[in-house]
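Please read them with the structure open.

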Amino acid sequence: MPWRNLKLSADGALATLTVNRPEVRNALDTETVREFHEALAEVRSARATVLIVTGAGDKAFVAGADINAIRARRRDDALAGINSRLMTALEMHDAVTIAAVNGYALGGGCELALACDVRLAAESAVFGQPEPAIGIIPGAGATQRLPRIVGIGRAKEMILTGARWSAAQALAYGLVSEVVPLPQLMSAARACAERILVLGPLAVRLSKQAINASMHMPLAAGLAYESALQAITFESTDKLEGTSAFLEKRKPRFTGQ
């Protein structure tokens, strides 16, 4: 489906979604958020195993929302959670999501990266939650996801002081897992995707579900949920294929079933 603000491409089980508004540093607006939901639905329908998310150009991943639009928003706009619902949809998507952060990831852009499963950054990337500088708080998950990823102390440092983290700082604090020169970023993202794509698709999807659930469950409940999901994989054709391939010293041919 053609969109005005997004580009979606697919190569087998790997899809790439690019926010294509470089003239405004790929800022999120209402139309882009709507298109994003449509693109995520298309990726799910195509049964892609991995989705790479990036921004067009070499300046910004996503630089947040338009300030004029924020100025016009009222209480009910915040309570509607438009951007927050998008981040949740991304976090809970069937595909493993990789953020290839190619520049500024500020405000909603940082929150978009936080909602992805894996984050890789170009050396020029910059992360931040500048909302308090204009008198509001982050509203698309930063106060909840950032502490879970980097710890509450680092999260407070970023949000409460208005700090902007370089790619090197983001790597040191555990926000990203790899930093590479900008020209190598998409190659690094695809290499990460390839490591995922050789694994059993059903096992990867259910592992992601179990990890996500761990943030919301007591340990005992999480362990029970993990066992239930493992039971599903024990009855799968992928388990039979994977164990057979291991014993026969060959590459498995997984089907995701």
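Is the crossing of H6 and H7 left-handed or right-handed?

1. The crossing of H6 and H7 is right-handed, a crossing being left-handed if the near helix is turned anticlockwise from the far one by less than a right angle and right-handed if clockwise. This is a predicted model, in which local features need pLDDT of at least 70 and side-chain atom pairs count only at pLDDT 80 or more, while totals for chains, interfaces and linings use all residues. Residues are numbered from 1 along each chain as its sequence is written, and side-chain values use heavy atoms, with hydrogens and water left out.

2. In the contact between these helices (heavy atoms within 4.5 Å), Ala142, Thr143, Leu146, Pro147 and Val150 of H6 meet Ile152, Arg154, Ala155, Met158 and Ile159 of H7. The residues of this contact divide into eight nonpolar, one polar and one charged; here Ala, Val, Leu, Ile, Met, Phe, Trp, Tyr, Cys and Pro count as nonpolar, Asp, Glu, Lys and Arg as charged, and the others, Gly among them, as polar.

3. Arginine 25, in the loop between strand E2 (14-19) and helix H1 (30-45), has a positive phi of about 55° although it is not a glycine. Arginine 25 is partly exposed, with a relative accessible area of 42%, where buried means under 20%, exposed over 50% and partly exposed in between (1.4 Å probe, protein chains only). Helices (H or I, at least four residues) and strands (E, at least two) are DSSP runs, numbered from the N terminus.

4. Lysine 249, in the segment after helix H12 (237-247), also deserves a look: its phi is near 55°, a positive value in a residue other than glycine. At 76% relative accessibility, lysine 249 counts as exposed.
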